[in-house]
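Hi,

Here is the structure I promised to pass on to you. Have a look at it first, and then read on for what turned up in it.

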Amino acid sequence: MAACRQCRLCEARKQAVLGVGDRAGDWLFVGEGPGAEEDQCGEPFVGQAGKLLDNMLAAIGLKRGQDVYIANAVKCRPPENRTPAPEEMVACRPYLQRQIELIQPKLIVALGRPAAQTLLQAEVKIAAARGKLHDYHGIPLIITYHPAYLLRTLLDKAKAWEDLCFMRRTMAARKGG
Ligand code: URA
């Protein structure tokens, strides 16, 4: 991955940002792509959105790195923080697939539309897709808002809280408790 040149995102990246956390974690959170700070330090979700993600994790008793792995739909920073283009997500998808095969999470959480679309290989609208259990090759998949969106749209924070509770219930059921 670090040497990948499958799409043009390699041209401006400082480094590919692979993922962070517990490689045997039950939880896998998938974001969109690295921003400037992530590109700089090589770890996903270290900026403002990352702080909110850490708080969201804490709200359901989780902590970055403990039973949780965090990755992105694309591993290289899209310039100007634009949304990754469809062909960039297609080029990067095998890496995400392989990460999922290796981690074998019990639950996948897609943060925002690009992550949901690359995992489901379908058009997704978050408002319609959230609150439901989806499936990624036999692994339950829950779709919720991206933390960066929640920072801009405070009104949807209540819905994100519902989604967090739904995740926690789903995981409890998966673990048989
Ligand atoms: N937003 C993302 O989707 N991923 C990151 O790693 C940082 C911000």
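Glycine 33 has a polar backbone atom 3.0 Å from a nitrogen atom of the ligand. Keep in mind that this is a predicted model. For glutamate 32, a backbone N or O atom lies 2.7 Å from a ligand oxygen. For phenylalanine 45, a polar backbone atom is 2.9 Å from an oxygen atom of the ligand.

Which residues surround the ligand? They are Gly31, Glu32, Gly33, Pro34, Glu38, Pro44, Phe45, Asn72 and His146.

Now for the helices. A pair of packed helices is described by the angle between their axes and by the distance between those axes.

Take helix α2 (residues 48-59) and helix α7 (residues 157-174): they pack at an angle of about 50 degrees, and their axes are 10 Å apart. That angle is why α2 counts as oblique to α7. The crossing of α2 past α7 is right-handed. On the α2 side, Leu52, Met56 and Ala59 take part, and they meet Lys157, Trp161, Leu164 and Arg168 of α7. Sorted by class, the residues of this contact between α2 and α7 are five nonpolar, no polar and two charged.

The other pair is helix α3 (residues 86-103) with helix α4 (residues 113-120), where the packing angle is about 75 degrees and the axes lie 10 Å apart. With that angle, α3 is therefore roughly perpendicular to α4. From α3, the residues in contact are Met89, Arg93, Leu96 and Ile100, while α4 brings Pro114, Thr118 and Leu119. The contact of α3 with α4 has five nonpolar residues, one polar and one charged.

Happy exploring!

Terms used. Residues are numbered from 1 along each chain as its sequence is written. This is a predicted model: local features need pLDDT of at least 70, side-chain atom pairs count only at pLDDT 80 or more; totals for chains, interfaces and linings use all residues. Side-chain values use heavy atoms; hydrogens and water are left out. Axes are lines fitted to C-alpha atoms, for helices over the stretch in contact, and angles run from 0 to 180 degrees between N-to-C directions. Helices (H or I, at least four residues) and strands (E, at least two) are DSSP runs, numbered from the N terminus. Angles under 35 degrees count as roughly parallel, over 145 as roughly antiparallel, 65 to 115 as roughly perpendicular and the rest as oblique. A crossing is left-handed if the near helix is turned anticlockwise from the far one by less than a right angle, and right-handed if clockwise. Contact means heavy atoms within 4.5 Å. Ala, Val, Leu, Ile, Met, Phe, Trp, Tyr, Cys and Pro count as nonpolar, Asp, Glu, Lys and Arg as charged, and the others, Gly among them, as polar. A residue is near a molecule or strand if one of its heavy atoms lies within 4 Å of it. A polar contact is a pair of N or O atoms within 3.5 Å; within protein, one must be able to donate a hydrogen and the other to accept it, and residues adjacent in sequence count only if both atoms are side-chain atoms.
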